[in-house]
Amino acid sequence: MHVGVRIDAEGKVTGHTVFPTDRSMPGMLYAAIRWADYPHARIVSIDTTAARALEGVEAVLTHADVPGLNRCGRVIPDQPVLCEDRVRFVGDAVACVAARTREIASLACRLIRVEYEELPVVDDPEAAACPGSFRVHEPENLVVHRLLTKGDVAAGRRRADVVVSGVYRTPRQMPGFLETEGGIAYYDTDGVLTVCCGSQAGHANRFQVARALGIPEDRIRLITSPLGGGFGGKDDVTEEIRLALLCQATGKPVKLVRSRAESIRAGIKRHPMTIYMDTGATRQGELVFQDVRIVADTGAYLSLGRSILYLAMEHCTGPYRVPHLKVEGLCVYTNNLLSGACRGFGVNQACFAVESQMDEIAERLGMDPLELRLKNALRPGDEGPLGQSVAGSVGMVACIERLRESPVYTKRHTWNAASTGRVGRGVGVACAFKCVGFGLGLHELGRAIIRILPGGRFAVYVPYEDMGQGSQMAYSIMAAEALGCAQQDVEVTVGDTGLCPDGGPTSASRGTYLGGGAIIDAASSLSRMLSDLGGAGRSCGEKARALGERAVGLTAYGSYSPPKPERGFDGVVGIPHSVFSFMAQAVQVEVDTLTGAVRVPLSHAVVEVGRVISKQGLVGQVEGGTVFGLGMALGEDVVTDKGVPKSYSLSGYTVPYSMDVPRTTVEWIDEASDVGPFGAKGVGELASVPVTAAVVNGIADACGVRVRTLPARPERICKLLLDKG
Amino acid sequence: MTAVELLVNGENVRCKAGPTTRLIDFLRDELGLTGTKEGCREGECGSCTVLLDGLPVNACLVLLGKCDGRSVLTVEGVSDGTLHPLQEAFIEAGAVQCGYCTPGMVMAALGLLMRDPRPGEEQIRMALSGNFCRCTGYESIVKAVQLASERLIQDGP
């Protein structure tokens, strides 16, 4: 495989890359949103008279002005674009305004008079799931409730010599992309309503725009890339619909960018989950059963909450053989902030619980924590966690064996012994797996188009947006390999519904996998087409050069349909999965037992993601993912009080900066998987998963307290240390 | 509104500033220099870092009136057609992912290298500690600054 050049980097280091929120146009209007004033209230009346009368205001829209379906939401359209009679969380929009300046737009928003009748705030998901709770939505708050079983948990319990039980609580982490949601909408010269707004799902969100505006999808174009970070938070619709509505209403270009405060208020967060988990093992350290209950707080609307809950349920065993499994999942509406896709998609929460328990089992049995993991690790040919068939490489054992040789692990006793006075030092390990692509029952077809350009060059169109993960780089490397040309001879376009085919969202760690598969397919069609024209040579590159002008404009379409398990569960869509990536990680941890402050100086990660397409891309994902998971472990949580964030500012949210992060060494098992393009799988989400539990296990090793509620902030550690005495 | 005169990327700019006009809005909206990014508008994320008389500042926290008679360097002014060694190092070290923090990181690092051409790793991390990056985990950015420092010293003044 080629070394690979990051083709988008030059524009980014010079500041010339134009992001959606950088764009402006002559005659452009500025938009602002009137958000809900309460987390839960009935709307009695909305009076826009004063706002409309303000000089410079060009449109004031309420629910009455939405021509199509006044709803959004990828799976169930349960969220009003503009609320009619009720607000269900502080990020609900009641009205939106377009005006000549930002200042006029926000003044107009303040002039809108909304009369409310407050309703009880439902903020405890477990209470909300009970039949007597006040309902956020009819007929009940419990929007998803599933029980999945494998084997016989009662029999498994009887075989168990040790059983560990725990309740684990995970924080409301925000995706934390640096470019907030928003962009610009305008009519192009052909009258196509163009919405340029950073997103991970151009085609799916174009459908949502069309549904709300009541116009055909082919009259709408979404330009969604490049974007200043996504991490799941730009998977479902953000401001695309309100941008389009205001542009449709005024006929003028409209710019709308969420402030950071608005992003905290209305944007997607990681589902806070409460996980009740029992895991049992024999005296020899063989896992025999797991009994799990997961309650996920989806906030006021579902977004992708159903699939996220399902992934947490599928991954709660960890990458281990667990013969008997019972897992109950509940996804519950509340008046809390909106939960949805966030890097790892439910797997991070599940991993934190199971990997905490693996360490507790090891301690109870007096086993080395890595040996226990190695003993139970999934191996090639094993069934998946839900009894499904697994396709492609299964490199968990290789990752653990490699991690066992890493300096962080081999020198763990030296590090332990270096504890002094108030400073405790420990090493934590954790393993993880993460499905690649969509599960059984969801439509999944990767698509790509390749067109021959003059001068022996190729244009490649793939839907999957580049949100920083480097999809353009990966596609140019794979296209060059498939076409037999230089990487510089490939021009990649992503994230534009006007140019790229519909291949579904850029999510589920599937960008490389699906896009690459479709590129290979398109290249092989193109090769046949070139041969039919009489082009001689071994590759598309050679054949196209031989044909010269005659080949220019030739266009091939490719698709890729990844493998799925043969059978799943009645009525359950989106699990199980067939392909997984694997990772093992060890971290050094240092706890100041006086202040509760935790430092993580070193980390060592080993991943098995199939064939590595770009080493630099892989290392960047693992280093960045590690810091993402570290934030979840130690500081990140949007704390709310009765549905209202206690802080609307980045200064009230503890993300890791350059002084707070470990030096991470990254290794990979470079083994081609027998599925996926050139044997590649996916890494983007997995990289964020194991470190959270590894840090928590390291804290336990360093000072003897087990953190079961994240984040492990200093005050929490201090409390646990005090309780321990 | 009061008349203000400043240098932006070496060019003389005359404009009017009100008591609430921020440097970031002037750069992005009036001059179209959108390389300076906005991530929080409260000095937390560092995406809008520019050099004011050679020192890194958050353009969202600087009033335009404060820039009267002073010199502002934005990311657009760092390269004159060919990439600055620091920009090359960012590309080579894999320090660029989504790229939204990159201009601010480049400016904070440039400010450091101007003050101290041979910074140690800790000094680099300290100099970048006001700049938030969600993608890279900072490791590759620190390496890029080290690489640039080595090359700038080799190449001489």
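**Chains A and B of a predicted model**

Read along its sequence, chain B follows the pattern β-β-α-β-β-β-α-α-α-α. That comes to 5 helices and 5 strands in the secondary structure of chain B. Please keep in mind throughout that this is a predicted model.

How compact is chain B? Its radius of gyration is 15 Å, close to the 15 Å that the globule rule gives for 157 residues, so chain B is as compact as a globular protein of that length. Along the principal axes, the C-alpha trace of chain B spans about 45 × 35 × 25 Å. Of the 157 residues in chain B, 55% are buried. If we take the contacts in chain B between residues at least 6 apart in sequence, 60% of them join residues at least 24 apart.

I turn now to the place where the two chains meet. Chain B brings 39 residues to the contact, and chain A brings 45 residues. On the side of chain B that touches chain A, the elements giving two or more residues are α2 (85-92), α3 (102-115), α4 (121-127) and α5 (139-155) of chain B. The residues on that side of chain B divide into 17 nonpolar, 15 polar and 7 charged.

Let us move to chain A and begin with a sheet. Chain A has an open sheet of 7 strands in the order β3-β5-β1-β12-β9-β10-β11, with mixed pairing. Which strands stand at the edges? They are β3 (57-61) and β11 (220-223) of chain A; each has a single partner strand, so one side of each is left without a neighbour in the sheet. On average, neighbouring strands of this sheet are turned by 20° against each other, direction ignored.

Within this sheet, strand β1 (residues 29-35) of chain A and strand β12 (residues 254-257) of chain A run parallel and are joined by 2 bridges. In this pairing, A:L29 stands opposite A:V254 in β12(A).

Two helices that pack on the sheet deserve attention. Helix α3 (residues 102-111) of chain A touches β1, β3 and β5 (93-99) of chain A, and its direction makes about 25° with that of β1(A). Helix α7(A) also packs on the sheet, touching β1, β3, β5, β9 (182-187), β10 (193-197), β11 and β12 of chain A. The direction of α7(A) makes about 145° with that of β10(A).

Is helix α7(A) mostly covered or mostly uncovered? The helix, residues 240-250 of chain A, is mostly covered, with 9 of its 11 residues buried. Among these are A:I241, A:L243, A:L245 and A:C247, together with A:E240 and A:R242. Just after α7(A), A:G251 takes a positive phi of about 75°.

My last topic is strand β15 of chain A and its partners. Strand β14 (residues 273-281) of chain A runs antiparallel to β15(A), and 9 bridges join the two. There, A:M277 stands opposite A:V292 of β15(A). These two strands form a hairpin with 5 residues between them, and in the turn A:G285 has a positive phi of about 90°.

Strand β16 (residues 324-333) of chain A, by contrast, runs parallel to β15(A), and 10 bridges join them. One bridge pairs A:I294 with A:G329 in β16(A). Together with helix α9 (residues 305-315) of chain A, β15(A) and β16(A) make a right-handed β-α-β unit.

Methods:
Residues are numbered from 1 along each chain as its sequence is written. Chains are lettered from A and ligands numbered from 1 in the order in which they are written. This is a predicted model: local features need pLDDT of at least 70, side-chain atom pairs count only at pLDDT 80 or more; totals for chains, interfaces and linings use all residues. Two residues are in contact if their C-beta atoms, placed from the backbone, lie within 7 Å. Helices (H or I, at least four residues) and strands (E, at least two) are DSSP runs, numbered from the N terminus. Ala, Val, Leu, Ile, Met, Phe, Trp, Tyr, Cys and Pro count as nonpolar, Asp, Glu, Lys and Arg as charged, and the others, Gly among them, as polar. A residue is buried if 20 or more other C-beta atoms lie within 10 Å of its own, exposed if 12 or fewer, and partly exposed in between; C-beta atoms are placed from the backbone. Two strands pair if DSSP finds at least two bridges between them. A crossover is right-handed if, with the strands pointing away from the viewer, the path from the first strand over the helix to the second runs clockwise. Axes are lines fitted to C-alpha atoms, for helices over the stretch in contact, and angles run from 0 to 180 degrees between N-to-C directions. The radius of gyration is taken over C-alpha atoms; the globule rule is 2.2 Å times the number of residues to the power 0.38.
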